[in-house]
Amino acid sequence: MKQVVQNYKSGELAVLDVPVPGCKPGGVLVRSAFSLISTGTELMKVSEAGMSMLGKARSRPDQVAKVMQSVATNGLPATYRKVMGKLDSYTPLGYSLCGVVEQVGAGIDDVKAGDLVACAGNEHALHAELNWVPRNLYAPVPDGLAPRHAAFGTVGSIALQGVRQGEPQLGEVALVIGLGLIGQLVAQLLTASGVRVVGADPDPVRCELAERLGAVACGDPGSAAVANVVGELTDGHGVDQVYLAAGGGSNQPVELAAQLSRDRGRVVDIGKCRLDLPWNAYYEKELDVRFSRSYGPGRYDPEYELDGRDYPIGYVRWTERRNLACFLDLAARGRVDVEPLISHIADFEDAVETYRRLEDGELKAVAVLFRYPGAAGDGKAEAPTVAVPAVRRAATASAPARPSGSPVRLAFVGAGNYATSMLLPNLARREGVALSTVVTTTALSAANAQRKFGFARATTDLDAVLGDASIDAVFVVTRHSSHADLTRRALLAGKTVFVEKPLALTGDELAGVLAAVEESGNDRLQVGFNRRFAPLLREAKARFGARTGPASLRYLVNAGRLQHGSWYLRQGTEGSRFAGEGGHFVDTASWLLEADPVSVYAVAPSGNEDLQVVLRYPDGSTATLSYVTTGAPGFPKETLDLVADGKVLKLDDFVRASVHFDAAAGRRRWVSSRLPKARDKGQSAELASFVRAVRTGGPMPVPLESLVATTAATLAVQAALAGGAPVALADAR
């Protein structure tokens, strides 16, 4: 396996091939997915390694004292050989990672192979492909927390232990000095605890980031701005706590802490900064100076860390491991947001170059992650892949046209809200359509649909419908979890099928549908992706015209919150909201860009159902889908912008549309000439196209290959969220 190492004597950094560690009892062997570079502690170590011997001695007086003691005890020659031997050895880097349990040692029963865990420790959570981690230095990753976010577990524990040492209370005001990685996390944790936070850092970018993540105000510690804000927030009394999260040789942080603290305030040292306490200032205010020891109780205790001996919770509530689990829980619930802290994700094989860029200042970062080969389960360093299943058709004759004058006979499986409000009213009044049979799981709902829309029959027997040769097409409008199976059965029965989105909730379900197509030779399938049929959008696309260069598409879906009890919330059986309706928006983007996506990237920035999805297309075009549930209810549900070749297409919730042109084209803009009576999202035109295909035996409205590609892209969103990396869509055809 490979591991990042450093020679402290020469300063050399390398990625070495080293033996795989054994899986000893009392711990687990973990294959790394993401590991975090501590841009404070690790870079300090890397920088020290590049110093002269005199510089090293000046930077580590504690080690010099040990050397002098050894000289007195063992003599100069023996001490010299010992020191040079230690300096001229490779040492590991890293102490915070997330990975997958590969092997479980004897005595471990809380995790199993395949589980995702966050790991801690500068001897056990190293920048290496595999690590052996003892019981008290790992914690299971909660469901829904991305591996790249779980990799922050150790530094999060350091910040959390520092906050615990400050003993914050609701309504207090705290000052965080130093807004690097630890300082940013401390500020978020304090905000989550109901404390108002003021930040101090000379970097305006870090100050802006902390304010965006919840701090009241931040500024340069050398300016009067910070003191002014503290005075306003505390009526001139000073802050209740100060957290020293800065590094370096300046004594400014401890002096500023004394200046801005209230009487008997608490000063907590988390970072490694100079601590020449100004005696008068600290004495006169009787300041309480506290130190925070790394991840929490248990740190540096070999019986706890190596032997797995836990401290009783009644006596030590928050140990190293419990702090780690607590931080992961906060991140999973969105109380701490680490995504904005990620400045760069580098492939593990580029580790040496990444350290060089950080040390030279070329890469300015708060947090940098290493992504390991197979981080998303594909065993390769390149992007993980989701296969787009091939569409294979058995030799079959084309679908026959209906006899002239005979109606298209339809059956409905399901008669819920969408079917009865959007589909059946349109079909019931359409000439040349006969509503033959409605199938539901309860007799009363079938009877209601029969009475309202004039079905000839109502039943709960699906097999009777699939075996009825007089029925031309079957509409599947049931709950999401049943779509794939019902579609498969209807295709095997030789029916033309209209299935509401989604076509499938898993890759196996999608493969099952395509297996039915291959087995039966019946590819007569339509999925209810209706936006591409919307008249206003079709006219706008025609006005926009052909393009020659790549396009940028932005699609905001203000989905809103669901009512309590909605079956859409049953993610365990019905899939996520985006899995259920995201195909609408992927299909619309692909239709506008006239191609199928080749990769998907997704993030969930706020710890809820909000998603940002980026689709990339073969010609370099991109589509960004913002699917949000936390927006204002009065804002339009769907807004879209398409930009290419000096032109902009804008759609406003299927009510207004416009196309703006470069003046050189001889036109300025086109605006939809009139407001429609109601939003027309294309259901009527879609149904007309479907019925026409059934009647004439002609091509289906959307090629099956496109339906499959859209479904695969929608499913790939979950893989991208879990893996924290773009997912390539590989054409299996």
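Which residues do ring pairs link into a cluster? They are Phe 412, Phe 455, Phe 475, Phe 498 and Phe 690.

## The model

This is a predicted model, where local features need pLDDT of at least 70, side-chain atom pairs count only at pLDDT 80 or more, and totals for chains, interfaces and linings use all residues. Residues are numbered from 1 along each chain as its sequence is written, and side-chain values use heavy atoms, leaving out hydrogens and water.

## Aromatic pairs

The structure holds 14 aromatic pairs. Rings of Phe, Tyr and Trp (its six-membered ring) pair if their centres lie within 6.5 Å; planes under 30 degrees apart count as stacked, over 60 as edge-to-face and the rest as tilted.

Phe 412 and Phe 475 are stacked, at 4.6 Å centre to centre with 5° between the planes. Phe 412 is in strand E18 (residues 408-413) and Phe 475 in strand E21 (residues 473-476), so the pair ties together parts 63 residues apart in sequence. Strands are DSSP runs of at least two residues, numbered from the N terminus. Both Phe 412 and Phe 475 are buried (under 20% relative accessible area, 1.4 Å probe, protein chains only).

## Cysteines

A disulfide is a covalent bond between the sulfur atoms of two cysteines. The cut-off here is a pair of cysteine sulfur atoms within 2.5 Å. The structure holds zero disulfides.

Cys 98 is buried at 0% relative accessibility, and Cys 207 is buried at 6%.

Definitions and conventions. Buried < 20%, exposed > 50% of the residue type's maximum accessible area, 1.4 Å probe, protein only. Helix = DSSP H or I, 4+ residues; strand = E, 2+ residues; numbered from the N terminus.
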